[in-house]
Amino acid sequence: MNHNDSTPSCPAYRAMKRGVRVTLVGLLLASPGATAPEDEIPDHFAPESVCMDLSRDCECADLPMMDAFLDNQVAAKNKWAELRSQTQSTGSPSTHAGTRKAFGEFVGDPAITAQFATCDDFDAGKNKASHVAGGSLLLGQALLDPCFCKTFCRDIVASTIAHEHAHLLFNLGAIGIYSSIGVACKSGLVGSPLCGPLDALALEGSELYAYGKGIEALEESIAELALEYPEMDCTSEEMVEEEDPPFEPESPEGFWDRVELLGRQFVEGQ
Amino acid sequence: VDVVAPSLLATGFSVWTRLSKLGCVGVQLAAVMSAGVACSDSGGSASSGDAQDDGRGESTSENDDADDQPNGSDDTENEEPEGEAPTGSGKFGAIWRQVSAELMVIDADTPIPELVSVEIPEAVPFPETESEVELYEQITDGRHVTYAYVVGAEVYYRITTPATEGDDAYSLQRGDAVSLYTMEDGRLTASSTLSTGNGIVQVIATFEEYTGTFPPEEWPSEMVEGEIGGPLQ
């Protein structure tokens, strides 16, 4: 990463760190999709190398968004973990589609959607925050929405690419196990109610794995960025609060008048 | 086979072991998953030490070859092709393709295990897509390797997973599945178990050794490589 020496707008970030955190409400998904069938990847998506070129280096001023993106990924991963736990304990969600639908209830950070929409040629009908990337089995790489590439800095883009690569590798590396069950279920040899939940479990496993890899990549980038700005408060560490002045109680109104009166009465014997 | 089964699960494996006549594979897997299951019959396993040592020794060079490899067919005409599998070796380090599977399905509604046999086509369907994938497997240098080619793709994949060496066997975890690879009469066999809240599926996959040039000539030269493995966090 390259960074210039000018001081980025870190006061805003300091304020955020002091508690003005964005509340996670709203309608954001902004979570990369799983390995998608080729025909589900929109035509306008760009190969990962093109996307990286469209993006820009992350700087100190990007840290709030990097943190927000990371938090969003962690929250999404937790949602998948919750779904997987349900499948493991109850067998539900009971299908691939069912588990996708259940994940659709995940509510992300609206700040991410807002930044995505700042793309200069943003088209609400075409650019969807709920689907900014996909893994192409045929090309062996990630394809991403150019608006995502242009509006988010390179480390965020790179973590999304890591997410998609993880999907490709996990799905193909584990398919040997699932293929026997898939053939048996598809051919009707197994009429068991296990076919659906096992399908759901494969998707949940892939998502958990991919989110883990994306999160790992972004955490490393954030740590590196903090190291590149040692002289600034541009870190994810807790800010040192200024110490409050020592407590000095003030005298109540009329206090000294009463002291003087008491003193006079004592001296004059009244 | 002498099975000490402390649970219904282990009992299921015991039944499966007896019915499938596939030696001790199922019981070995059960032993991996829950302590307290014993197996006293080697069930015709390949003589271990040699298989492991040879397999791993050969596979190191295979692995290197595979890394350097993807050169298509041109390079293979006048000299021994790089990455060619140790044909006929019958060892873990050979290149293997799954040809069939025996499934035991136990679900909550059906107390009696359902046993199913399936033939695996040369290209298996990729879930939720129209794509088909040609798959080959290998265990080399303490790692399980999956070679995958999505029909029509511009690349093929080489995906490694750390494998733990056991007694004449290798175990590995991919996602929610634990798999145990053994050699049975010179053929690679993999036993994997998956479970959900409403049941368990155990798959015993049987492989056939691939004896041609590897990677196959039809595959593209570009390779995408990566590693997966371990329990999901």
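Modeller: Gladly! One definition to begin with: a crossing is left-handed if the near helix is turned anticlockwise from the far one by less than a right angle, and right-handed if clockwise. Please keep in mind that this is a predicted model.

Colleague: Thanks. Which hand does the crossing of H3(A) and H8(A) have?

Modeller: The crossing of H3(A) and H8(A) is left-handed. The helices concerned are H3 (residues 63-90) and H8 (residues 195-228) of chain A, whose axes lie 9 Å apart at an angle of about 155 degrees.

Colleague: Why is H3(A) called roughly antiparallel to H8(A)?

Modeller: Angles over 145 degrees count as roughly antiparallel. The angle here is about 155 degrees, so H3(A) is roughly antiparallel to H8(A). By class, their contact has 18 nonpolar, five polar and six charged residues.

Colleague: On to the rings, then. What makes B:Tyr181 and B:Phe207 a tilted aromatic pair?

Modeller: Across all chains there are 17 aromatic pairs. In this one, the centres of B:Tyr181 and B:Phe207 are 6.2 Å apart, with 40 degrees between the planes. B:Tyr181 sits in strand E9 and B:Phe207 in strand E11 of chain B, 26 residues apart.

Colleague: How do you know whether B:Tyr181 is buried or exposed?

Modeller: Buried means under 20% relative accessible area. B:Tyr181 has 2%, so B:Tyr181 counts as buried. B:Phe207, at 1%, is buried too.

Methods:
Residues are numbered from 1 along each chain as its sequence is written. Chains are lettered from A and ligands numbered from 1 in the order in which they are written. This is a predicted model: local features need pLDDT of at least 70, side-chain atom pairs count only at pLDDT 80 or more; totals for chains, interfaces and linings use all residues. Side-chain values use heavy atoms; hydrogens and water are left out. Rings of Phe, Tyr and Trp (its six-membered ring) pair if their centres lie within 6.5 Å; planes under 30 degrees apart count as stacked, over 60 as edge-to-face and the rest as tilted. Helices (H or I, at least four residues) and strands (E, at least two) are DSSP runs, numbered from the N terminus. Buried means under 20% relative accessible area, exposed over 50%, partly exposed in between (1.4 Å probe, protein chains only). Axes are lines fitted to C-alpha atoms, for helices over the stretch in contact, and angles run from 0 to 180 degrees between N-to-C directions. Angles under 35 degrees count as roughly parallel, over 145 as roughly antiparallel, 65 to 115 as roughly perpendicular and the rest as oblique. Ala, Val, Leu, Ile, Met, Phe, Trp, Tyr, Cys and Pro count as nonpolar, Asp, Glu, Lys and Arg as charged, and the others, Gly among them, as polar.
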